[in-house]
Amino acid sequence: MTGFPTGTNKRMEADEDVDRVLERCLDRFIDLAPLDDPARLVHLLPNGAQPQHVFILIELIKLDLSLAAEEGQVRRIEWYVDQLGDRLTMDQVPLDLVMEEIQLRREAGERPQPAEYAKRFPRLASCLGSLLESVESTRTRGLRGSPEALSIGSQVDDFIVLRELGRGAFAIVYLARQVSMQRLVALKVSRGKGDESVSLARLDHPNIVRVYDQRLIADGDSHLLYMQYVPGGTLADVIQRFREKRRQPPSRLDHFGATTPPGRFAAIRDGGLILDSVDHHLLIASQLVPESSEIRHLLAEAPWPTAVAWIGVQLASALDAAHRESVLHRDVKPANVLLTAEGIPKLADFNVSLAGAAGRAGAAATFGGSIAYMSPEHLMAIDCRRRFGPVEVGQPADFYSLAVLLWELWQGERPFAARTGAMCWTEAVEEQLQARSRPLRIPDRSGSVSERVLERALRQCLSANPEDRPTSGQELSGRLSLALNPKAAEIFAPELGGWTERLVAIKPWFIIGAVVLVPNIAAGAFNYQYNAREIIARHPELTDTFRRLSFIVNATFFPLGFLIALILMRPIVKAISEVLSGRPANDWATHQLMSLGRRAALVGGCLWILGGCVFAVVLSRTDHDFPRIEAVHFVMSMLICGGVAAVYPYFGVTALATHLYYPVLVRRSLQDASFDHHAEAVRLSSSWFLIQAALIPMLAIVLLISRDVIAKDVILVAVGASALGLFGSFWLYQRIVAAWETMGEILSAKRNLKLSATQR
């Protein structure tokens with residue numbers, strides 16, 4: 001067996017991640033293992049002085065130990081070290097390799113003792129004592145080696161093999177035609193029995209590669225898993241193309257014209273980059289490029305941050321569907337996201353052996369470089385030193401990995417810098433953990449709203465604390481979808497330090513209180529002056545009674561209305577405070593908020609009508625000669641002013657609830673099961689109050705012209721104020737309805753249901 005190619009290929013490999021080098025070594029090694037001579041391991045290493053040599057040697061030894069144990073040979077680490085010379089010494093043997101040997105010996109029925117390992121590995125003696133009581137294997141269970149390659153054109157079971165799509169250490173994937181169904185499938189061939197389809201067949205989602213079924217062929221040792229064929233390459237190919245495009249000199253970008261933005265993102269302006277990669281792989285696969293596709297058209301014109309967010313929305317939705325079936329992915333990375341001919345991403349390669357488990361993850365699941373995308377808690381779970389105790393690896397870990405993937409797609413590099421060239425698995429995991437504790441890289445930004453929302457969503461997912469990440473894939477999908485709708489982003493994710501954030505920081509008591517009180521005070525002042533001049537002035541004997549009564553009514557009804565408003569606002573203020581403190585909002589508080597405008601109008605209107613009745617009754621009883629028509633006129637004036645005091649606060653409170661407080665309540669989860677109900681209720685009530693706002697000027701004019709004599713200034717003030725109020729109400733009505741339509745792009749269950757049906 002020879003080493004890797006020299007020359008250009010060797011220089012290219014020097015730039016590759018250690019995971020790709022390791023994967024290539026494993027591909028070469030699997031056909032030889034278990035070895036009869038450990039010195040042959042050296043020939044599997046890449047040429048040249050590579051800092052990853054020790055790391056790769058250790059991983060190959062782990063695999064050889066495992067496969068040898070399956071054949072009944074329980075080897076010792078010294079058997080390898082003695083033949084490798086200065087390539088690997090006993091002082092370089094890491095803890096995880098020792099743990100692998102211990103576990104294999106236990107599975108073979110042996111009882112390894114701490115004293116033996118303290119003598120063989122004195123450098124690790126302090127760690128091994130406790131670990132011998134709780135050691136966990138880091139290998140893949142039930143490996144049977146690489147399957148035999150199938151010849152092109154041959155038929156196996158119901159499948160005709162067309163060509164090889166790819167291979168790994170333990171499986172080969174072919175493009176095949178299923179004879180019975182006359183369809184192209186991706187056929188994964190491995191040895192042993194698999195249970196992938198049992199878990200994955202439940203995942204019926206447009207952004208998850210559909211697994212059809214599994215079969216065992218005649219010899220009973222070869223396992224066939226056939227699934228949907230996705231020909232457009234992977235996101236790993238897109239990222240590679242991104243990096244190449246970004247490295248192009250400015251002279252290569254002149255065709256973009258003078259408006260091309262400066263900086264290293266000048267070459268990546270839209271989602272057409274994704275389609276370029278897809279079309280390249282379609283050509284390789286001899287597949288046709290869709291001639292007419294609305295999705296491709298929209299993707300080609302989408303700015304790059306928007307295109308990245310679009311990918312993220314669908315992958316988050318896919319994870320949500322998997323999590324609802326108790327299936328965790330645990331290996332989200334660019335190579336595991338396939339692209340259709342239209343550029344639609346599909347998540348593949350679920351780590352189904354860990355489906356539904358919340359326990360510890362095996363290190364073998366990290367082959368292929370997955371540790372670069374792992375969450376801190378996942379890294380802690382596979383840390384061979386077991387410094388952290390039992391660690392839960394649940395749904396938030398998938399969201400973290402997805403955020404790393406999307407950041408890399410957005411920026412061309414991962415969000416944290418991790419040193420390469422680890423000497424062993426333990427060191428690699430430790431370096432990744434340290435990288436997670438450092439600040440994220442400062443990204444290159446274009447300054448758009450979509451990019452701001454995308455970055456904010458990714459930073460939340462990259463929180464070291466799983467509890468600070470989204471609680472579901474649906475929540476993450478909603479956050480990322482804001483990047484696709486800048487208008488909705490301005491509502492749900494306003495710029496930090498903007499006027500919205502400053503208003504939210506003020507206690508709602510003051511803002512809502514002012515919106516309710518100011519129209520009532522203005523209407524009260526006008527009503528007092530109007531009735532004093534137009535009614536009481538004609539009956540001077542009632543002047544003192546009118547003044548005392550006005551004082552009593554105002555001193556009673558205004559505090560009563562304010563007290564009722566406080567009672568109505570209390571749960572809303574509490575909910576907003578809790579949300580700003582990081583706790584989720586409750587549905588009842590949201591319902592209270594959206595009905596606050598109607599309730600404020602109802603309370604205010606009722607108090608005004610009641611006040612008008614009190615005035616009419618008291619004045620009539622005080623002066624029996626007080627004309628009944630004057631009493632009716634008094635009530636009508638109070639009714640009109642009460643309408644003003646009801647309609648205008650409604651629009652003010654509803655506008656505040658719509659643009660300010662409702663987005664705050666749902667900002668964290670971006671979910672509201674009652675959204676469509678709220679939207680319809682607000683639309684109907686706003687239409688009704690707008691009609692009332694239009695009727696008020698008409699009633700005021702009728703009331704005024706019914707008087708035989710009336711001052712012109714009163715007419716001008718009344719008509720002017722009514723017209724201004726009607727204009728303001730109509731303006732707020734339009735803003736409120738438009739805002740709910742915009743929010744519906746994110747929260748409407750009806751719209752999402754239609755969108756899901758369209759995708760299928």
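Author: Two strands pair if DSSP finds at least two bridges between them. Helices (H or I, at least four residues) and strands (E, at least two) are DSSP runs, numbered from the N terminus. This is a predicted model, in which local features need pLDDT of at least 70 and side-chain atom pairs pLDDT 80 or more, while totals for chains, interfaces and linings use all residues. Residues are numbered from 1 along each chain as its sequence is written, and side-chain values use heavy atoms, leaving out hydrogens and water.

Reader: How many helices and how many strands are there in the chain?
Author: Both kinds of element occur in this chain. The count comes to 27 helices and 8 strands.

Reader: What share of the 760 residues is buried?
Author: Buried means under 20% relative accessible area, exposed over 50%, and partly exposed in between, with a 1.4 Å probe and protein chains only. Of the 760 residues in the chain, the buried part is 52%.

Reader: How much of the accessible surface belongs to carbon and sulfur atoms?
Author: Areas come from the Shrake-Rupley method with a 1.4 Å probe. The chain's accessible surface is about 34,600 Å². Carbon and sulfur atoms hold 57%.

Reader: What is the strand order in the open sheet?
Author: The sheet has 6 strands, with antiparallel pairing. Across it, the order is E1-E2-E3-E4-E6-E5.

Reader: Which strands stand at the edges of the sheet?
Author: An edge strand here has a single partner strand, so one side of it is left without a neighbour in the sheet.

Reader: Which residue in E2 is the bridge partner of Val156?
Author: E1 and E2 pair in the antiparallel sense over 2 bridges. Val156 has its partner in E2. That partner is Phe159.

Reader: Which residue in E3 is the bridge partner of Phe159?
Author: E2 (residues 159-167) runs antiparallel to E3, and 7 bridges join the two. For Phe159, the partner in E3 is Gln178.

Reader: How many residues of strand E3 are buried?
Author: E3 spans residues 171-178. This strand is mostly covered. Of its 8 residues, the number buried is 6.

Reader: Which residue in the turn of the E3 and E4 hairpin has a positive phi?
Author: The hairpin has 4 residues between its strands. Most residues other than glycine have a negative phi. The turn residue with a phi of about 50 degrees is Gln182.

Reader: Is Gln182 buried or exposed?
Author: Gln182 lies in the loop between E3 and E4. Its relative accessibility is 58%, so Gln182 counts as exposed.

Reader: Which residue in E6 does Ala186 stand opposite?
Author: E4 and E6 (residues 222-228) run antiparallel, joined by 7 bridges. Opposite Ala186 stands Met227.

Reader: What is the phi of Arg330?
Author: Arg330 sits in the loop between helix H12 (304-324) and strand E7 (337-339). Arg330 is buried, because its relative accessible area is 5%. Phi is positive here, in a residue other than glycine, and is near 65 degrees.

Reader: Which residues does Thr742 touch, not counting those up to four places away in sequence?
Author: Thr742 is part of helix H26 (residues 712-747). With 14% relative accessibility, Thr742 counts as buried. Contact means heavy atoms within 4.5 Å. The residues touched are Asn485, Lys487, Ala488 and Ile491.

Reader: How are the axes of H22 and H23 placed: oblique or roughly parallel?
Author: Axes are lines fitted to C-alpha atoms, for helices over the stretch in contact, and angles run from 0 to 180 degrees between N-to-C directions. Angles under 35 degrees count as roughly parallel, over 145 as roughly antiparallel, 65 to 115 as roughly perpendicular and the rest as oblique. H22 (residues 587-594) and H23 (residues 596-622) have axes that come within 4 Å and cross at roughly 50 degrees. That makes H22, relative to H23, oblique.

Reader: Which residues of H22 and H23 make the contact?
Author: H22 gives Gln592, Leu593 and Met594. H23 gives Leu596, Gly597, Arg598 and Arg599.

Reader: How far is the C-alpha atom of Val429 from that of Leu379?
Author: Val429 belongs to helix H15 (residues 425-437). Val429 is buried, because its relative accessible area is 1%. Leu379 is 50 residues apart from Val429 along the chain, and the C-alpha separation is 6.4 Å.
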